[in-house]
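This briefing is intended to be read alongside the sequence and coordinates. The points below are grouped by topic.

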Amino acid sequence: MTTRRDFLGGAAGAMAGVMFCGCGLLHAPNAHAQPAVRRREVVVNGRRVKTVDVHAHCVFPEVMDMMGLKFRPPNLVVGADRFKAMDEQGIDIEAISINPFWYHAERDKAEAVIKLQNENLAALVAEHPDRFVAFATVAMQHPDLAVKQLEDGIKKLGLRGMSVGGSVEGLELADPKFHPIWAKAEELDCLIFIHPVGTKELAPRLRGNGGLENTIGNPLETTLALSHLIYEGTLDRFPGLKICAAHGGGYLPFYAPRSDAICVTFPDRCASVPLKKKPTEYLKQFYYDSIVFTPEALKTLIAEVGVDKIMMGTDYPFPWTRTSVDHILNTPGLSDADRTAMLGDTAARLLGIKPN
């Protein structure tokens, strides 16, 4: 059974401000008539930058109902409230994703859930095309179905990419079962956003104080997912994949040299799948959000993967940070081009968003 914690990828405690965006909620009373603040315009060296948040969430109550998930947060943030938060922070456009809670569903249920969910995402974008784009959702557990859902989402509904969990009911994303999905994503040349859904196997060790299922568990799952995609040869098989990893890629970019050292020190442990290059070189094939909390961490991430691979993320509505724009603007040592790339230019290019 899927729990609230499973659905949120370990972040149930931060759920109070989540936005449930059903079509009915889009037309909440005064949703468009209550702009509480003037939108913050972000300017870099005299240039108005269109800011794009690549990591922002929503769900649809009717879809959760289909999965038997009746949980509702006490405070629904809808309509003007969400736009108010975006305007205060200086977020022009959010790329909406939904953390998977349907990977255990049988085929017929998964097909119905994804159809309604992707149609709702498309309706949300159509209602507010100047504020939202969206990632298609797919039933990863049924790869042939997922391939069709991805193609329909991109070609028929106008969604801009695909969001997936960091694993699928215990299977790594590098499992050959998922190769048809990666082949289709490569063919469509779309951005894939990977967000952790929790590592159930580690649950006993992540109990206790500190919210470790989120503090450690979420970035660890992303680290595992990316490492398997590298070491199992998935990136060699599908070199055109465009993958963005949540939370700065987890721990991988910050301890990257160990990924090379294992193959030098213990070559037998990297022999079963010969790689075309050093593990750390694959880090530059991924993209990453900017949720790493300090200027020092952001500069380390830049040094490892390149500034052109980093896009701003807020994790809205989870209150990890409300200062994602300032995090980039105030990090010392960056050029104007660096800042504009991370604030929105790179995401706009990958997601097909028209520039100013």
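**Loop residues and backbone geometry**

E169 is partly exposed, with a relative accessible area of 48%; buried means under 20% relative accessible area, exposed over 50%, and partly exposed in between (1.4 Å probe, protein chains only). The model is predicted: local features need pLDDT of at least 70 and side-chain atom pairs count only at pLDDT 80 or more, whereas totals for chains, interfaces and linings use all residues. Residues are numbered from 1 along each chain as its sequence is written, and side-chain values use heavy atoms, with hydrogens and water left out.

- E169 is found in the loop between β6 and α6, where helices (H or I, at least four residues) and strands (E, at least two) are DSSP runs numbered from the N terminus.
- Although E169 is not a glycine, its phi is positive, at about 50°.
- G166 is also placed in the loop between β6 (161-165) and α6 (179-188), and G166 counts as buried because its relative accessibility is 2%.
- Not counting residues up to four places away in sequence, G166 touches E172, L173, I194, H195, P196, V197, E221 and A225; contact means heavy atoms within 4.5 Å.
- The C-alpha atoms of G166 and P100 are separated by 9.6 Å, with the two residues 66 residues apart along the chain.
- F293 lies in the loop between β9 (286-289) and α12 (295-305); its phi is near 80°, a positive value in a residue other than glycine.
- With 49% relative accessibility, F293 counts as partly exposed.
- Y316 and P317 are joined by a cis peptide bond with omega of about 10°, and P317 belongs to the loop between β10 (310-311) and α13.

**The loop between β7 and α7**

- T199 lies in the loop between β7 (191-195) and α7 (212-215), and K200 has its place in the loop between β7 and α7.
- T199 counts as buried, at 16% relative accessibility, whereas K200 counts as exposed, at 52%.
- Leaving aside neighbours within four places in sequence, T199 is in contact with G217 and E221.
- K200 and E169 are 31 residues apart along the chain, and their C-alpha atoms are separated by 9.1 Å.

**Nonpolar cores**

- The largest nonpolar core has 83 residues, of which F101, M140, M162, V164, L173, W182 and I192 touch the most other members; such a core is a set of buried Ala, Val, Leu, Ile, Met, Phe, Trp, Tyr and Cys residues joined through side-chain atoms within 4.5 Å.
- Helix α4 (residues 107-127) supplies the largest share of this core, seven residues.
- Another core, of 17 residues, lies apart from it and includes V133, C244, M311 and L350.
- V164 is in contact with P100, Y103, M140, L173, W182, I192, F193, I194 and H195, once its neighbours within four places in sequence are left aside.
- In soluble globular proteins, nonpolar side chains tend to be buried together.

**Helix α3**

- Seven of the ten residues of helix α3 (residues 80-89) are buried, so this helix is largely enclosed by the rest of the structure.
- Its buried residues are A80, R82, F83, A85, M86, D87 and Q89.
- These buried residues pack against β3 (52-57), β4 (93-97), β5 (132-136) and α13 (324-329).
- G90 follows α3 and has a positive phi, near 85°.

**Aromatic rings and charges**

- The structure holds six aromatic pairs; rings of Phe, Tyr and Trp (its six-membered ring) pair if their centres lie within 6.5 Å, with planes under 30 degrees apart counted as stacked, over 60 as edge-to-face and the rest as tilted.
- The pair formed by F286 and Y288 is edge-to-face, because the ring centres are 6.4 Å apart and the planes are at 75°.
- F286 counts as buried at 1% relative accessibility, and Y288 counts as buried at 0%.
- One aromatic cluster is formed by F101, W102 and Y103.
- The charged end of R269 sits over the ring of F266, 4.1 Å from its centre; the criterion is NZ of Lys or CZ of Arg within 6 Å of the ring centre and within 35 degrees of the ring normal.
- K309 lies over the face of Y287, at 4.3 Å from the ring centre.

**Whole chain and confidence**

- The protein chain has 14 helices and ten strands, and 56% of its 356 residues count as buried.
- The average pLDDT of the chain is 88, and 87% of the residues score at least 70; pLDDT is the predictor's confidence in each residue, from 0 to 100.
- Over residues 1-35, pLDDT stays under 50.
- Where pLDDT is low, the predicted coordinates should not be read in detail.
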